[in-house]
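This briefing is meant for a reader who is meeting the structure for the first time. Please look over the sequence and the model below before turning to the points that follow.

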Amino acid sequence: MSIASIALPRILRIGGGASRQLPDVLATLGLSRPLIVTDAFLVGQGRVETLQGSLKAAGIASRVFDGTVPDPTVASIEAGLAFLREGDHDCVVGFGGGSPLDSAKAIAMLARHGGSMADYKAPHVQDEPGLPVIAIPTTAGTGSEATRVTVITDERTDEKMMCPGLAYLPVAALVDYELTFTKPRRLTADTGIDSLTHAIEAYVSKRASPFTDGMALLAMRAIAPNLRRACDDPDDREAREALMLGATQAGIAFTNASVALVHGMSRPIGAHFHVPHGLSNAMLLPTVTAWSAPAALARYAECARAMGVADAREGDQGAVARLLEQLGALNRDLGVPGPAAWGIDAARWQGLIPTMCEQAIASGSPANNPRVPDAAEMAELYARVWDG
Ligand code: NAD
């Protein structure tokens with residue numbers, strides 16, 4: 001019998017208004033000196049002031065570091081760490097999308113263990129905890145609020161460093177869909193496809209378990225029927241709520257089962273061409289799924305059924321055909337461009353394919369795919385997605 005090793009945040013509060021429970025959650029955890037790690041946009045929206053106000057009302061003083069950047073860099077983490085050290089903090093609150101959450105995790109870990117982020121990239125696994133992290137996601141995408149990994153870009157080498165370990169698992173996550181109404185259409189689409197990709201990849205991963213299967217299927221059921229709805233009507237409460245819940249469930253699924261080929265190939269696209277994370281996943285998802293499906297037909301067919309695009313009576317082959325149609329249609333409906341239409345230089349793309357293959361394989365994620373490509377096959381997949 002194989003044993004599934006599952007790790008979860010100690011506290012999850014899920015639902016409209018959950019973020020307002022931050023003072024109560026800090027009190028429960030015996031914490032009282034938070035540093036809030038966020039980005040300048042969210043501060044500009046007045047969101048962080050509201051959060052600080054609720055802390056102040058509970059007698060908790062906080063400081064704010066708003067210098068995180070999309071796809072956090074080593075330099076931005078060092079700036080955050082220096083800011084933390086100017087104060088006296090016993091925990092870090094990550095408030096924002098995956099970038100502020102990942103920054104909060106990295107800063108909290110370095111605050112206790114020192115060194116530079118490159119020391120902590122895979123295969124290193126950092127289980128010994130840093131400062132406690134409380135995560136409050138605002139994008140319904142990465143699932144970072146429930147994962148034991150942070151992704152930091154080394155700006156000198158353009159490498160997206162995967163840094164795994166229990167140190168990065170937040171002690172608490174406040175999952176509040178009311179924070180997501182302000183997401184514009186493009187961000188809603190990209191982050192939604194990111195979480196859908198997490199769920200599909202966790203389900204087909206070679207490291208899936210019955211526990212992660214359950215979470216992954218719930219996530220697909222929540223995300224698939226609601227993605228277009230939230231893109232078309234940003235105020236659709238039901239859709240926003242389902243997408244937020246699905247993103248966290250997908251995060252729980254993939255962090256305990258791992259992601260696979262799409263994420264492996266997606267990270268180098270993000271690092272070299274600065275394509276937003278969800279968008280680079282979306283560029284790859286239909287093609288990589290088509291290539292992988294013959295190796296795990298029954299599993300991909302189950303994804304189609306969970307997403308509601310194939311009915312229970314349809315055989316696996318037919319269900320997988322529906323899945324592939326649906327992933328293509330989703331990209332068309334949500335306006336996902338291929339790398340060419342996104343404006344990437346053709347010669348640079350071509351020239352970097354060998355490096356991207358090398359980095360994707362080194363990340364370990366492709367090895368969890370039901371069908372594992374060699375470098376030549378992966379190069380062919382990168383070439384195939386070029387013009388969408
Ligand atoms: P992000 O955090 O980079 O944010 C993108 C933009 O959206 C920013 O400009 C931000 O200010 C804005 N934004 C955030 N919330 C908003 C809201 N409610 N309304 C309007 N605008 C809002 O985007 P992301 O996709 O959430 O995160 C991507 C990062 O997460 C990447 O660095 C990726 O590598 C990482 N990631 C981490 C994990 C993990 O488990 N640790 C998993 C997947 C991805």
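Which element supplies the largest share of the shell around the ligand? The model in view is a predicted one, and in it helix H5 gives that largest share, with 5 residues.

**The shell around the ligand**

- The ligand has 29 residues around it, and of these Asp71, Gly98, Ser99, Thr139 and Thr147 come nearest.
- At least two residues of this shell are supplied by each of three elements, namely helix H5 (98-113), strand E6 (149-154) and helix H6 (185-204).
- When the residues of the shell around the ligand are sorted by class, 12 are polar, 10 are nonpolar and 7 are charged.

**Polar atoms facing the ligand**

- In the side chain of Asp39, an N or O atom lies 2.8 Å from an oxygen atom of the ligand.
- Gly98 takes part through its backbone, where a polar atom is 2.7 Å from an oxygen atom of the ligand.
- Thr138 brings a polar side-chain atom to 2.8 Å from a nitrogen atom of the ligand.
- The ligand taken alone would expose 880 Å², and the protein buries 89% of that area.

- Ala106 is a residue of helix H5, and it counts as buried because its relative accessibility is 0%, while the cut-off for buried is under 20%.
- Although Ala106 and Cys163 are 57 residues apart in sequence, their C-alpha atoms are 8.8 Å apart in space.

**The second largest pocket**

- The second largest pocket holds about 230 Å³ of space.
- This pocket is lined by 15 residues, of which Glu159, Lys160, Gln359, Ala362 and Ser363 are the closest to its centre.
- Strand E7 (159-164), helix H10 (261-273) and helix H15 (346-362) each contribute at least two residues to the lining of the second largest pocket.
- The lining of the second largest pocket is made up, by class, of 7 nonpolar, 5 charged and 3 polar residues.

**The largest cavity**

- Rolling a probe the size of a water molecule over the atoms shows where empty space is left.
- The structure contains 2 cavities of 30 Å³ or more, and the largest cavity has about 50 Å³ of space.
- The residues that line the largest cavity include Ile200, Glu201 and Val204, together with Val288, Thr289 and Ser292.
- Two or more residues of the lining of the largest cavity come from H6 and likewise from helix H11 (277-292), and H11 gives the most, with 4 residues.
- The classes in the lining of the largest cavity are 6 nonpolar, 3 polar and 1 charged.

**The second largest cavity**

- About 40 Å³ of space is found in the second largest cavity, and among the residues that line it are Ile193, Leu196, Ala282, Pro286, Leu327 and Asn331.
- H6, H11 and helix H13 (316-333) each give at least two residues to the lining of the second largest cavity.
- By class, the lining of the second largest cavity has 7 nonpolar residues, 1 polar residue and no charged residues.

Methods:
Residues are numbered from 1 along each chain as its sequence is written. This is a predicted model: local features need pLDDT of at least 70, side-chain atom pairs count only at pLDDT 80 or more; totals for chains, interfaces and linings use all residues. Side-chain values use heavy atoms; hydrogens and water are left out. A residue is near a molecule or strand if one of its heavy atoms lies within 4 Å of it. A polar contact is a pair of N or O atoms within 3.5 Å; within protein, one must be able to donate a hydrogen and the other to accept it, and residues adjacent in sequence count only if both atoms are side-chain atoms. Accessible areas come from the Shrake-Rupley method with a 1.4 Å probe; for residues, only the protein chains shown count as cover. Ala, Val, Leu, Ile, Met, Phe, Trp, Tyr, Cys and Pro count as nonpolar, Asp, Glu, Lys and Arg as charged, and the others, Gly among them, as polar. On a 1 Å grid over the protein atoms alone, a cavity is a set of points where a 1.4 Å probe fits but cannot get out, and a pocket is an open set with protein on both sides within 12 Å along at least five of seven lines; lining residues have an atom within 4 Å of a point. Grid points are joined across faces, edges and corners, and a volume is the space filled by probe spheres set on the points. Buried means under 20% relative accessible area, exposed over 50%, partly exposed in between (1.4 Å probe, protein chains only).
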